[in-house]
Amino acid sequence: MTANEHHMVLMSLSANRPLAEKIAKRLHQPLADVNLDRFADGEIRLNITNSVRGDNVFVIAPTSASPHGSVNDNIMELFIAVDALRRASAHAINIVMPYYGYARQDRKARSRESIAARVIADHLEQAGVTRVIAFDLHASQIQGFFDIPVDHLMGAPILADYLISHHIVDLDNAVVVSPDHGGVRRARELNQFLGLPDSYAVIDKRRPVDKKNAVEVMNLIGDVSGKTAIIIDDMIDTGHTIVEGAKLLRAKGAKKIIVVASHALLSGDASKLLQKSDFDHVIVTDSIDIPESKRFDKLQIVSADDLFAKAITAVQENGSVSPLFQNKYHRGFEND
């Protein structure tokens, strides 16, 4: 029996129900009924209403903080859901992870430190997951933490399409900027999808290992004078790092400054900080459910629903995900 002979079931957990509903609409599939509640002490209880025996189940579950729970709440909810599906005899348990929690802890930066990204991978496999569809992982090597198939989707194509289709960037006078040396690969990808020359700028920065979300911007490698500078990063957390980067770009003569990122964590006062910053536009995807209280005038959101829907279809039909990125990517946008 081939995979596409198994019935597709879409399931959403509580972390990003709005995105799951968009994906389901794209696929013309209903979301499975899931009963989620909590005991008085906060323990999560989950029940899948209908049978999933022999089905290909796709669980849409970013493991970020959300309006409904913390990072750890949403990770535990996912573990419990996977266990329930395994005990219910699902044929395949595919986890669609728009955001991979703990991805920043992908290596030992200090002695006696955990590699938490590997811990998450190990627990998902042990629980019974058969495939992961991830989106713009903080570090590509996280794929290697799994011994099951991992499809890694990129955010650069849909972000590039948004910049082009909304005429936000003059491509004859634009430069992509990596916020650090580790982000150069992501900058190259955005360059490719924007059709820009194979050149970019890099912010050379130093991050103290003993201070979280703290960074000292050192210098800029490359020229942004008189140009539109496009910073690309995988996530925006507190916003301090990229705001300092924007100040540096402005000081180096950038005419217009844009930041694009796949994941908008927007922790603490990030929204206020970004609104007051040198950025003209802050463009993110809806991989994380952004509550109204964290939205601000400069923020623009592009939905990744179509990308996920196409990836799910490819997996269901035993097809390939890579063709999604071989040509320019076109889709509709949330703010249209």
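Reader: Which residues does UniProt place under the feature "binding site"?

Author: The UniProt record, an unreviewed entry, places that feature at Asp 41, Gly 42, Glu 43, Arg 104 and Gln 105. The model you are looking at is predicted. In it, these positions span 65 residues of sequence and are also spread in space, up to 29.7 Å between C-alpha atoms.

Reader: Where is Asp 41 found, and is Asp 41 buried or exposed?

Author: Asp 41 is found in the loop between β2 (34-38) and β3 (44-48). Exposed means over 50% relative accessible area. Asp 41 has 58% relative accessibility, so it counts as exposed.

Reader: Where is Gln 105 found, and which residues is it in contact with?

Author: Gln 105 is found in the loop between β5 (92-97) and α3 (116-127). Its relative accessible area is 35%, so Gln 105 is partly exposed. Leaving aside neighbours within four places in sequence, Gln 105 is in contact with Ser 114, Ile 115, Ala 116 and Ala 117.

Reader: What does UniProt list for residues 8-128?

Author: The record, again an unreviewed entry, lists them as "domain: Ribose-phosphate pyrophosphokinase N-terminal". In the model, the span is 33% helix and 21% strand, and its end C-alpha atoms lie 18 Å apart.

Reader: Next, phi. What is the phi of Arg 112?

Author: The general idea is that most residues other than glycine have a negative phi. Arg 112 is not a glycine, yet its phi is positive, near 55°. Arg 112 sits in the loop between β5 and α3. With a relative accessible area of 79%, Arg 112 is exposed.

His 167 is another case: it is not a glycine either, and has a positive phi of about 55°. His 167 follows α4, and its place is in the loop between α4 and β8 (174-178). At 70% relative accessibility, His 167 counts as exposed.

Reader: Is α4 largely enclosed or open, and what covers its buried residues?

Author: Buried means under 20% relative accessible area. Eight of the ten residues of α4 are buried, so the helix is largely enclosed by the rest of the structure. The buried residues are Ala 156, Pro 157, Ile 158, Leu 159, Ala 160, Asp 161, Tyr 162 and Leu 163. The elements covering them include α5, β6 (131-135), β11 (228-236), β12 (256-264), β13 (281-285) and β14 (299-302).

Reader: How do α4 and α5 pack, and which residues meet?

Author: Two packed helices are described by the angle between their axes and the distance between the axes. For α4 (residues 156-165) and α5 (residues 184-194), the angle is about 45° and the axes are 9 Å apart. The two helices are therefore oblique to each other, and their crossing is right-handed. From α4, Ala 156, Pro 157, Ala 160, Leu 163 and Ile 164 meet Glu 189, Leu 190, Phe 193 and Leu 194 of α5. By class, this contact of α4 with α5 has eight nonpolar residues, one charged and no polar.

Reader: At what angle do α1 and α8 pack?

Author: Helix α1 (residues 17-27) and helix α8 (residues 305-316) pack at about 55°, with their axes 9 Å apart. That makes α1 oblique to α8, and the crossing is right-handed. On the α1 side, Leu 19, Lys 22, Ile 23, Arg 26 and Leu 27 take part, meeting Asp 305, Asp 306, Phe 308, Ala 309, Ile 312 and Thr 313 in α8. The contact of α1 with α8 divides into six nonpolar, one polar and four charged residues.

Note on methods: Residues numbered from 1 in each chain as written. Predicted model: local features only at pLDDT ≥ 70, side-chain atom pairs only at ≥ 80, totals over all residues. Heavy atoms only, no water. Axes fitted to C-alpha atoms, helices over the stretch in contact; angles between N-to-C directions. Helix = DSSP H or I, 4+ residues; strand = E, 2+ residues; numbered from the N terminus. Parallel < 35°, antiparallel > 145°, perpendicular 65-115°, else oblique. Left-handed = near helix turned anticlockwise from the far one by under 90°. Contact = heavy atoms within 4.5 Å. Nonpolar A, V, L, I, M, F, W, Y, C, P; charged D, E, K, R; others polar. UniProt positions renumbered as here; feature names shortened; annotations may be inferred. Buried < 20%, exposed > 50% of the residue type's maximum accessible area, 1.4 Å probe, protein only.
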